[in-house]
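Welcome! Let's take a friendly tour of a protein model, with a few stops at its helices, its ligand and some backbone details.

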Amino acid sequence: MSEGETHQLVLLPGDGIGPEVIKAAETVLCTARDYLRREGIELSWEARPIGGAAIEAAGKPLPDETLFAAQAAKAVLLGAVGGPQWDRLAPHERPEAGLVSLRRALSVYANLRPAALLPGLEGRSPLRPGHVQGLDVLLVRELTGGVYFGEPRARSGERPDRRAVDTMAYAEGEIRRVAHVAFRSARRRQGRLTSVDKRNVLETSRLWREVVEDVAKEYPDVSVEHQLVDSMAMLLVLRPQMFDVVLTENMFGDILSDELGGVVGSLGVMASASLGDEGPGLYEPVHGSAPDIAGKDVANPLGAILSLAMLAEHSLDLPLLARAIEGAVKEVLRQGLRTRDIAEKRQGEQVIGTREMGERVADALAQDLHSRQALNATYF
Ligand code: IPM
Ligand code: MG
C-alpha cells in the first residue's frame with residue numbers, strides 16, 4: 001500500500017455478540033487509522049446490516065445495499081450471524097444464507113483459519129499440556145463449493161415419506177485454486193501440507209486427491225500427505241502438533257475448524273480470513289453469534305480483533321500493522337486481562353468485559369505504534 005490512498009472498509013456486525021465484538025475491533029481500528037494517517041494512508045469504514053439484523057431492517061439476510069458496499073470495499077470485517085428467533089425461516093431466508101451468499105458473491109474461495117496457543121492461554125486446552133505444546137496449524141478450508149452450494153438441493157414428499165437431497169460437487173478448477181493457496185501458505189510456514197478427504201467413499205474426494213497430487217508437483221519443496229477425514233478428526237486430538245497446513249473441502253473444514261477451536265480451548269480468540277483472486281477479502285472470527293451471552297458485555301472480542309490483524313496483512317498489505325495488533329493482543333494477555341470465557345481464575349488475572357478488552361488492546365497498540373514512530377516515521 002502506498003501513500004495518499006484511502007481504503008474503504010465495510011463492517012458487518014450481524015447478530016448476537018457480533019455487534020459487540022465488532023465495536024471492540026472498531027476501537028482498535030480507530031487507533032490504527034490515527035496512526036496510519038500520519039503515514040499518509042487513509043482508512044475509512046461504514047457499517048451495514050447482514051443476517052438476522054438485515055432481515056429485520058430490510059426483509060432479507062443479504063440486502064443489495066450490503067452486497068454492493070461489500071463488493072466495492074477493500075475488505076469486509078464481519079461479526080457473526082444467526083439466532084433462535086430466525087430458526088423457523090425457510091433455508092434461503094435464514095441469517096446464515098446471507099453469509100454463505102456473501103462468500104460466494106465475493107468469490108472468497110480460500111478460508112484461512114489459524115489455530116495456535118496464545119501465550120498465557122495454554123491451560124485453556126482440555127488436552128494435557130505436553131500434548132498441545134507447539135501446536136500451530138493453519139487450516140485452509142475451501143469455502144465456495146462442495147455440499148454448501150451443489151445442486152440439486154431440495155425436499156420433497158409428505159410424511160412419512162419425506163425426502164431431502166444435498167449435492168456435494170467439485171470442479172477441478174475449484175480444487176486447484178484453493179490447493180495453490182494452501183501450498184503457498186505451507187511454503188511460508190514449515191513446508192508441510194496435509195490434505196484431508198474421504199477418498200475411500202466419495203467421488204469428489206477421489207478427484208480432490210488427484211488434483212492436490214497434481215498441484216503438489218509444482219511445489220517440490222513442500223511435503224504432502226493425505227488423511228481421511230475420520231482419521232484426521234482423531235489425529236487432531238491425538239497429535240495436533242504433527243500438522244502445519246491442513247487443506248480440505250468446505251464441510252470437512254467447517255467441522256475440523258471447530259474441532260481445532262476445541263483443541264486450543266478458546267474458540268473466542270480464533271480468527272479467519274476468506275480470500276479470492278481479486279476483490280475484497282472477508283474477515284470474521286470463527287465463533288458464532290452466541291445469542292445466550294449477547295448484549296451482556298462478556299463476549300470475547302479477540303477473535304474479531306485478530307481477524308482485523310489478518311485484514312491488515314492480506315487486504316491492506318500492512319503485515320507490520322498485523323504483527324503490531326497481534327502483539328497488542330499478546331500484551332493484554334500478558335497483563336493478565338481476560339474475558340470470562342478464557343479466564344482460569346488464577347492469581348494475577350483480571351476479568352474484564354468486551355468493551356474494555358477492545359480499549360485495552362487499542363491502548364497497547366497505541367503505545368507500540370507510538371514508540372515505533374519515534375524510531376522510524378515510515379515504519380509501514
Ligand atoms: C462457519 C460457520 C458457518 C459455516 C455458518 C454460520 C453458515 O459455521 O463459518 O464455520 O458453516 O460456514
Ligand atoms: Mg462452522
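This is a predicted model: local features need pLDDT of at least 70, side-chain atom pairs count only at pLDDT 80 or more; totals for chains, interfaces and linings use all residues.

**Helix H1 with helix H10**

- Two packed helices are described by the angle between their axes and the distance between the axes.
- The crossing of H1 past H10 is right-handed.
- On the H1 side, the contact is made by Val-21, Ala-24, Ala-25, Val-28 and Leu-29, and on the H10 side by Ala-304, Ile-305 and Leu-308.
- Sorted by class, this contact of H1 with H10 has eight nonpolar residues, with no polar and no charged ones.

**Helix H6 with helix H7**

- Now find helix H6 (residues 172-188) and helix H7 (residues 203-216), whose axes come within 9 Å and cross at roughly 50 degrees.
- H6 and H7 are therefore oblique to each other.
- Their crossing, that of H6 and H7, is right-handed.
- H6 brings Glu-172, Ile-175, Arg-176, Val-178, Ala-179, His-180 and Phe-183 to the contact, while H7 brings Leu-207, Trp-208, Val-211, Val-212, Asp-214, Val-215 and Ala-216.
- Here the contact residues of H6 and H7 divide into 10 nonpolar, one polar and three charged.

**Helix H8 with helix H9**

- At what angle do H8 and H9 pack? Helix H8 (residues 229-238) and helix H9 (residues 250-264) pack at an angle of about 15 degrees, and their axes are 10 Å apart.
- That angle makes H8 roughly parallel to H9, because angles under 35 degrees count as roughly parallel.
- H8 passes H9 in a crossing that is right-handed.
- To see the contact, look for Val-229, Met-232, Ala-233, Leu-236 and Val-237 of H8, and for Phe-252, Leu-256, Glu-259, Leu-260 and Val-263 of H9.
- By class, the contact of H8 with H9 has nine nonpolar residues, no polar residues and one charged residue.

**Around ligand 1**

- Which residues are around ligand 1? They are Glu-96, Val-100, Arg-103, Arg-113, Arg-141, Tyr-148 and Asp-254.
- In the side chain of Arg-103, an N or O atom is 2.7 Å from an oxygen atom of ligand 1.
- Arg-141 has a polar side-chain atom 2.8 Å from an oxygen atom of ligand 1.
- Asp-254 also places a polar side-chain atom 2.8 Å from an oxygen atom of ligand 1.

**Backbone details to look for**

- Most residues other than glycine have a negative phi, and most peptide bonds are trans.
- Glu-151 and Pro-152 are joined by a cis peptide bond, with omega about 0 degrees.
- Pro-152 sits in strand E6, which covers residues 150-156.
- Another cis peptide bond runs from Arg-159 to Pro-160, where omega is near -5 degrees.
- You will find Pro-160 in the loop between E6 and strand E7 (163-167).
- Ala-290 is a residue other than glycine with a positive phi, near 40 degrees.

Methods: Residues are numbered from 1 along each chain as its sequence is written. Chains are lettered from A and ligands numbered from 1 in the order in which they are written. Side-chain values use heavy atoms; hydrogens and water are left out. Axes are lines fitted to C-alpha atoms, for helices over the stretch in contact, and angles run from 0 to 180 degrees between N-to-C directions. Helices (H or I, at least four residues) and strands (E, at least two) are DSSP runs, numbered from the N terminus. Angles under 35 degrees count as roughly parallel, over 145 as roughly antiparallel, 65 to 115 as roughly perpendicular and the rest as oblique. A crossing is left-handed if the near helix is turned anticlockwise from the far one by less than a right angle, and right-handed if clockwise. Contact means heavy atoms within 4.5 Å. Ala, Val, Leu, Ile, Met, Phe, Trp, Tyr, Cys and Pro count as nonpolar, Asp, Glu, Lys and Arg as charged, and the others, Gly among them, as polar. A residue is near a molecule or strand if one of its heavy atoms lies within 4 Å of it. A polar contact is a pair of N or O atoms within 3.5 Å; within protein, one must be able to donate a hydrogen and the other to accept it, and residues adjacent in sequence count only if both atoms are side-chain atoms.
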